[in-house]
Every structure is written in structure tokens, then in C-alpha cells.
Amino acid sequence: GSGQWRERNPWLTFEDAFRLVRGFVQRLEGVSSGLIHARFREDLRSLAETPSAVLVRLGTPAIVRALAAEADRLSGAEPQPRVRLVLGQPPLRPGQDRLSFDYYATAWALGYDAAAMLPLAPLFRSSAKLRWGWQSSVLKPSLEAVAPLLTHDARVVLALEEGGPEAVVATVLGAVAAGYRLVAAQLDEASVGESGVVEFVPPGAPIGPGSRTRGNVALPSVPGGAGDPSYGPGRGLFAPAERLGRGLFSRAEASRSVTDTAVEILKARGEPADSERLLGEILVGLDAAGHLRRLLRSAGLIPPDPDDPSLDTGGKADERGDRPKPVTGAVGGGRDGAGDAWNESMDGLLALIHEELGRSDNRRVREIEPGRWWLADRGERTAAALPLADRVEWAIFSLLSTAGRLSEATLFERIGTMFTGHDQPDEALIRACLDSYRSMASTPDRLVTSEDIPRRSRERVELVATLADLGHRLGMQVWIGVRDQTRTHEGEKLENRLTDRELRVNLRSISRAPMEELQVIPCIWYVRGKVTFMFELEWTAMLGDPILRRHARIPADDELVRFLVIAPERTELVRHKLARSPLLRQSMEAGNWHILKSSHLRALAARDAVTLADLEPLLGLDPAADRGAEQISLFE
């Protein structure tokens, strides 16, 4: 849960644990929402009695040691308990308040001798907070203890309540040192990256589905070859598969992996991402390439691979990278904190990621706003997917218009299955899209929409006709897009609203842009050599295609003014998308864009007399006409 949930519910009851476990099990199995008859058990052996048993333990050091002892005793027992899901939290770092309360409560309940056994050394430091390396050193033995009991398709999900990037990296390093593979790591954007979730698969388990035959029969893995989860692609173009984590840690190769992963994620999302979003995906990429294991091995935090030929180099760097820096200090955690090795590994990894992303000569990734990253290469921007915000918007509209009876909980569940991994949208975006498309008759248990595509199509034709007539009334020449010219309004085609000269116009004389882009613009007003007004019509808030793609190929100049005509119902969703996307904001400003609501356009066209000055107070998401403000000149 989130920190706010924890403040309202400081104690996790068995019923709360049951609901959390049930949700994760349903997510793993892909089953529909419904009651799962799980039973709470007291020890590991009882988990073998039924597959729907739940064991809840408090993760104190004593409990972890007892769990490890139980697992060791049951390693050869029959029936063997098998665990499919471990859901928990890393241990909270001891702070001054916690340690003080622990000392007071222990001394009052158990006496001075028991209180003297507490790790009180941090209380006498300048800062009582332990560094995050302590979490890695404590988490590693916990995960090692439970590993023998996990099934081949098990998952370990750890929720982080505080710490942000440092907590995520510390958790990941501790789990990787225990032999786990990282599946997903995500920081919560709603909490400004303070909380998050990380997910692992147990040692020896494959991350994704294995190879299958044409008859959809799973193929067994080949040791050292296809399907072997301990092997990955070689580090050369024609290099054979190699064991993950084998070889020396190379800072240069890890940096290249950081950039490659960031580029792939940004291309798949189709929109800028913040540092918190990229960090989790980058850690997944580094783990998949074996860099995290090499880093931990070079720091002495995991034992060396005796079959690794690179260990015969005497500590020298090979031709692929840098010589690993020596790491000093204790490896273990001790009673008062973690050793320097964990902290140095965590700090070094974070510094490597930040330095590579922020490198001034990085030609593939650039920071377009503080903490927001986007593709720097034009070819990779062109190959990027449609913006995630637009895809989520269309998915929500499609669900509302075709899914029948739908509740809010079911909609969120459907969206969660449609957008996973790096495409997982934040809750604020889903809420903004839902609020924009739901009708006033909707309730939390039954969502309905009043949107209708045929009606919106007719409205588009009517708006293009209105724009064409209004442009002629203002004494300007008009162009209607080739896609709209053949459409009919009031019994005649829209092309009939243009003169023969307007139909034969050379659009390249209006704007220095590709002809194929100019031809599809719904409506253009122009006076050659003086001014050009381009109008885009959108009843949705999907701005990626018209603004970021089509008009990105139409150069800006002093004579060109662009207008985006939107439906009034999309006002707040457009506002939300502009607030979350620096790329949209920059494109709107650089392209001299102005927003005009379709209702204001109709009101302007209905006037008996109209001038260009009448257009200015109608522009914007909050136009001056709505606020009753004085008109100011837009076109100087």
C-alpha cells in the first residue's frame, strides 16, 4: 500500500493481507475477480496441504532466522511445501524515533539486559539513519531463506514505503545478490517517486514464457542454450550466449546498456518519461545483461564463479571495459549498519545511471525538462510509438462504448491488463480520461458514455463547412483538406464551397511544407505573402498525431498561425495532457498554436458581422470571453 494508506491504517490485519494476496494471485493466474477461499496457516509445512493457503509472518531478524531453519528442515520432506507468491516489504531502516521507542519499550517490558542487546550505536552518531546499504545486507539472507520453497513460476513482490531511488536500488541489489532476477521496478509518480514496487523471479526461473512448438507445447530448456534462464545474449554481434554475470564489470558497457534501455523504453512509450519511471526499466535492463551481478561480484558481495575464465586475468581489465575499482570495508551489515561495500555499490550504480543520462554528448537521449527525458535522434523519434496518453484515452473510450455494463473497478482492472510494464499508466491519467468520457448518468458501479462516433463525424463535417464560410466572410482564401472535400453537408459536397482557383491552388506557395501534409489539414485560411491560418479539428484529446507528427514537418514562420479546435468536453483532458507532457507544451509554443473550442467557433460564425479581432477573446482553454476580460490584440 501507499504511505497515505498506511497513515490511515497503521496495522495490517489478516483481512487486509488476504485481499492483497488474493489480488496478486489473480494477477498471476489471469482469473477474473472473485472470491478465492484461502486459508491462513501457522507454519511452512501447512502450506503443502492446499494450494490456496496463506502464511503471514512479521519480517523481524528472528523470524527470518526461524524461516530459514524451517526451510532447511523441510528441504527433503514430503509433501514439500511450495510457495507461488511472496508479498512483503523490505525492513524499515532504524531511525532515531524508532530506536528510542524500541529501547524504551524493551526496557519497560523486558528489562535493562534485553534493552542492552538492541543496535543502539546509530543513536550516538550525527545522523541516526542508517544508509540504504543496510537494507541490501538484511534483505539478502531473507530472500535466500525462502528461495528453496518457491515454485518455478513464483513471484516475489516487495512494496517500498519510502526512500525513492535509493530504496529501489538497495532492494534490487540485495535480491540480485541472493540469486533473483528482476522482472519490474516502478516508483509511484503520485508520491513523487518516494514509494514503489519491485518484482522478482526466484533463482533459476525464466523471466518470460519459454519456447513453444507450433502446436503450442512448451519446449524444455537446453542447458547453456535456448531457454536456459542463467544464460543471456553474448556481448558481441556474433558472440555466443554467455552465462549471466560472467566476466569483469565494465563501466563502459553498463553505460551503453543504460542508454540502450532508455531509448527502447522511450520509443515504446512514445512520450517523455521522468527519471523515476526510467530508473526501474534501466535496472531491469542492467540485470538482464548481467551487469548487476558483475558489479556485485567485483565488490565482493557475491562469491566469484569458479568457471569464469576472466578471473585468471589477475584483476586486470579486459579489452571491453574499465578496470573495476577496489572496494574496501566490511561486506556484512553488522549490528549497527551495513558495510561500505553495499553503500559504494549502490552509490556507484546510481551515479553511473545519472551520469550516462545527463551526459552532454549523449546523442540518443536528452533532458527536455529537469528530470524529464526524451529521444534526441530524429530517426528514433519518428520510429516511436503513439504517445501512451493517447493510447490510454482511446482504450478507455473503447471500453466505455463497447464493453457493456462496466464499473470503475472493472475498468481499472481492464486497463491494467492492457497496459503493463513500461506502458503502465499513472492513475491520474486514467482518471482524467474517465472523467472526460463518462456521462453525467454514470455511477461508480455503472459507467456509460454519451460519445457517439457517427455524431462526432457529422460534427466534423459541419465545423469544416463553418470554417470555410467564416474564412470567406473574413475576406480570406480557403483550402479544405482532400479527405474532407468529398464529404457532404446540407446536401452538397464541401468542395463546392471552394472556388475553382482555390481548388487548383499550389499549397507549396502557402507554406514551405511537404505537400502530403498540407493536403490533409482540414481547413486553411490564407492571404498569399501575408498570413496563413491552419485549423486542426479534434473531438478527442489525442494530440500526438496532429501536433507532434504532422505539424512537426510543417516549419514555423512569422506568417503562420495554427489553431486546434477541440470539443468543450475535452477541455480538462487537454489541460491534463499539456501539464504532463513537456513535449506537447514546447511544440504548442514553438508552433504558435492557439486552442479554440468548437462551441465558441459556432457562436462566432453566428454573428451578423465578424472581424479577426472577434476571434482573439475566444482563444485558449480559459478564453477571455468566458472570464469577461477586456479584449487585447493578438495580431499586431
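Glu-517 counts as buried, at 11% relative accessibility (buried is under 20% relative accessible area, exposed over 50%, partly exposed in between, with a 1.4 Å probe and protein chains only). Its side chain meets that of Arg-553 in a salt bridge (2.8 Å, N to O). A salt bridge here is a side-chain nitrogen of Lys or Arg within 4 Å of a carboxyl oxygen of Asp or Glu. This is a predicted model: local features need pLDDT of at least 70, side-chain atom pairs count only at pLDDT 80 or more, and totals for chains, interfaces and linings use all residues. Residues are numbered from 1 along each chain as its sequence is written, and side-chain values use heavy atoms, leaving out hydrogens and water.

**Salt bridges**

- Glu-517 lies in helix α19 (residues 515-519) and Arg-553 in the loop between α20 and β17 (560-566), so the bridge ties together parts 36 residues apart in sequence.
- Helices (H or I, at least four residues) and strands (E, at least two) are DSSP runs, numbered from the N terminus.
- Arg-553 is partly exposed, at 43% relative accessible area.
- Arg-364 bridges to Asp-260 (2.6 Å, N to O) and also to Glu-380 (2.8 Å, N to O).
- Arg-364 is partly exposed at 28%, as is Asp-260 at 36%, whereas Glu-380 is buried at 14%.
- A network of salt bridges links Glu-451, Arg-455, Arg-456, Glu-459, Glu-569 and Arg-570.
- The count of salt bridges comes to 37.

**Pocket and cavities**

- On a 1 Å grid over the protein atoms alone, a cavity is a set of points where a 1.4 Å probe fits but cannot get out; a pocket is an open set with protein on both sides within 12 Å along at least five of seven lines; lining residues have an atom within 4 Å of a point.
- Grid points are joined across faces, edges and corners, and a volume is the space filled by probe spheres set on the points.
- The second largest pocket has a volume of about 690 Å³.
- Its lining has 26 residues, with Arg-381, Ile-547, Leu-548, Arg-549 and Ala-552 nearest the centre.

**Whole chain**

- The protein chain has 24 helices and 18 strands.
- Of its 636 residues, 45% are buried.
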